[in-house]
Each structure stands twice: as C-alpha cells, then as structure tokens.
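Here's a quick tour of a protein chain, one topic at a time. Have a look at the structure first, then go through the points below.

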Amino acid sequence: MVSGLTLEYDGAGFAGWGRQPGLRTVEEELLGALRTIFGPTGSDGRPLTLRVAGRTDAGVHAWGQVASYAHEAVDPARLNSMIGDDVAVLRAEPAPPGFDARRDAKSRTYCLLARRARSALERGRALWWAGELDRAALRACAQALVGRHDFSAFTPSETEHTRFERRIVRAEWKVLSQRRGAEDEPPDGGELEGALLECWIEADTFMRHMSRTLVGTMLDVASGASSVEHFTRLLEGRPRTEAGKPAPAHGLALASVRY
C-alpha cells in the first residue's frame, strides 16, 4: 500500500527538504507526524520513509511538492494538526501500486519585485530589485532556454551529476501587477515600476542550483552586466565560472510536479 501527499510550505524556517542532524527540515517534520500515527515501519515492514519529487534547498518554497510513503492515506487535517504552520498537507490519497514520488519536479517559478521601495508583504517571497531591467533581454534569454542544452555552467562545479544535458520544455517571464495573480502585461519597453515578475521554468529534470543560477544570470543580462549572446554561449556547456551568481533562495518555489 502506497499513499501520496501534495504539500505546500514556506521554506524560510527550514534547512531544506532533506533530513539533517540538528536542523529543522520539511522531511523531518512530516516523518515525525507519520511515525506518531503509524509507528516506525511502513506497510511493507520496512522503516517508514518519505520519497519526494524534488529535494528543495534551504529557504526554497513549494506550492505543489509531492511525496509518497508506504502506508494508508491519512486525513490531511489530522496531519496538519501535528506539524508546523509553515507546512501544509493539501491532499493525502492512495496511490497506484508501485507509485514512487522520487521523480524530479517539472516546474519551478522565481518571483521578482521590480520597484524602488522594498515590500513588506513580498519580502519573503520575491527578490526585491530596485535597478533597471531590460524586458526584451529577459524574454530573449527565456526563449534561448527552450530545448536541450548542456547546463554545466548553471550547477556547482563539484557535483555528483555525470550528465549535464537537460531539456527545457517551457521558459517565460510573466509580468504581473502589484496585486499577485492579476496579470497586467505592459508592452515591451513599458514601465515596470511596482511590477511583480515571475520566471517560470519547466524541465525534464533540474540540477542543484540550476534554476536559481539561470535566473541570476538572466538578471545580469537584463541589468546590462552581460549580454544575450553570452547567455546563449553558456548553454553550450561552458564552465560554471562564466555564469552569474544564483539568485537568492527565498524567491524560488517548486510550483508543480507532473507524472
């Protein structure tokens, strides 16, 4: 018997998904609740564990994380009463035989607030950007991402990855009004002051820091510190040192997982 969980969480109070000695993690929070209900073993007789779609880093949020475990489904309200307010189980349901959530997330989004004044409401969800941004350059970078490329420049040099090719299915920058969820796209060259931007990237799999480094490097281009041509060359497998710094973790959310 296998069950699946759909979760959302605010990553600010967690040291990431994966369990780490002496640190608060999303996995540890959920496992504690599940083991209180079921005990230390799953329905398969093995130690009760969670399999997760995407192992988010410290500070990264999730809107639609997916995890699975070997036991019956539990009422989400029961689980939510046993965990912190910064993580919530949205759904808990039986999964097909053999289901395993250990697949990589297909969609991630990065939020950016472009205005001179910092925000009291978006401070933990969006990167505050007070400088100039070239929207056409952001769009050109996103268009260049679509397809299969070598992303060696966008993941740490010291890594366990042996394959650096990934396929980007979708990449786009959306411009929203100050009120989240109300799309209000100005024409190219239009004023961005006060706008909330979202960068959506959907891929077959993601490598560590890949999405944040892509965003950070695109912002270098949009602010005039680099060029679209340089960004395009990076997609040919250039060294990590030639790309920009990762954007801060608090602007990133794992948006959804598809199977």
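Let's start with the aromatic rings: ring pairs join F151, F154 and F231 into a cluster. Keep in mind that this is a predicted model.

**Aromatic rings**

- How many aromatic pairs does a search of the whole structure find? The search turns up six.
- Take Y9 and F14: their ring centres are 6.3 Å apart and their planes sit at 70°, so this pair counts as edge-to-face. Planes have to be over 60 degrees apart for that label.
- Y9 and F14 are both buried.
- Now try F38 and Y69, where the ring centres are 6.1 Å apart and the planes meet at 40°, so the pair is called tilted.
- That pair links distant parts of the chain, since F38 belongs to helix α1 (residues 26–38) and Y69 to strand β3 (residues 61–69), 31 residues apart.
- Are F38 and Y69 buried or exposed? F38 has 18% relative accessibility, so it counts as buried, and Y69 counts as buried too, because its value is 2%. The cut-off for buried is under 20%.

**Charges over rings**

- R108 lies over the face of F206, and the distance to the ring centre is 4.9 Å.
- K174 does likewise with W200: it lies over the ring's face, at 5.3 Å from the centre.

**The largest pocket**

- The largest pocket has a volume of about 570 Å³.
- Which residues lie nearest the centre of the largest pocket? They are R55, H161, F206, M207 and R208, out of a lining of 23 residues.
- Sort that lining by type and you get six nonpolar, seven polar and 10 charged residues.

- A62 lies in strand β3, and with 2% relative accessibility it counts as buried.
- L7 is 55 residues away from A62 along the chain, yet their C-alpha atoms are separated by 7.3 Å.
- Setting aside neighbours within four places in sequence, A62 is in contact with L7, E8, Y9 and L254.
- Where is L254? You'll find it in strand β10 (residues 252–256).
- L254 counts as buried because its relative accessibility is 1%.
- L254 and W63 are 191 residues apart in sequence, but 6.0 Å apart in space, C-alpha to C-alpha.
- Beyond its neighbours within four places in sequence, L254 has contacts that include G54, T56, A62, W63 and R108.

**Buried residues in loops**

- T56 lies in the loop between β2 (51–52) and β3, and it counts as buried because its relative accessibility is 5%.
- Not counting residues up to four places away in sequence, T56 touches Y9, G16, W17, H61, Q65 and L254.
- Y259 is another matter: T56 and Y259 are 203 residues apart in sequence and 18 Å apart in space, going by their C-alpha atoms.
- K106 lies in the loop between β4 (87–94) and β5 (107–114).
- At 18% relative accessibility, K106 counts as buried.
- Again leaving out residues up to four places away in sequence, K106 touches several residues, among them I201, E202, F206 and R258.

- H209 sits in the loop between β9 (195–203) and α4 (210–222).
- H209 has a positive phi of about 65°, although it isn't a glycine.
- With a relative accessible area of 21%, H209 is partly exposed.
- T241 is in the loop between α5 (228–234) and β10.
- Is T241 buried or exposed? It counts as exposed, because its relative accessibility is 72%.
- T241 and S157 are 84 residues apart along the chain, with their C-alpha atoms separated by 8.6 Å.

Notes: Residues are numbered from 1 along each chain as its sequence is written. This is a predicted model: local features need pLDDT of at least 70, side-chain atom pairs count only at pLDDT 80 or more; totals for chains, interfaces and linings use all residues. Side-chain values use heavy atoms; hydrogens and water are left out. On a 1 Å grid over the protein atoms alone, a cavity is a set of points where a 1.4 Å probe fits but cannot get out, and a pocket is an open set with protein on both sides within 12 Å along at least five of seven lines; lining residues have an atom within 4 Å of a point. Grid points are joined across faces, edges and corners, and a volume is the space filled by probe spheres set on the points. Ala, Val, Leu, Ile, Met, Phe, Trp, Tyr, Cys and Pro count as nonpolar, Asp, Glu, Lys and Arg as charged, and the others, Gly among them, as polar. Rings of Phe, Tyr and Trp (its six-membered ring) pair if their centres lie within 6.5 Å; planes under 30 degrees apart count as stacked, over 60 as edge-to-face and the rest as tilted. Buried means under 20% relative accessible area, exposed over 50%, partly exposed in between (1.4 Å probe, protein chains only). Helices (H or I, at least four residues) and strands (E, at least two) are DSSP runs, numbered from the N terminus. A charge sits over a ring if NZ of Lys or CZ of Arg is within 6 Å of the ring centre and within 35 degrees of the ring normal. Contact means heavy atoms within 4.5 Å.
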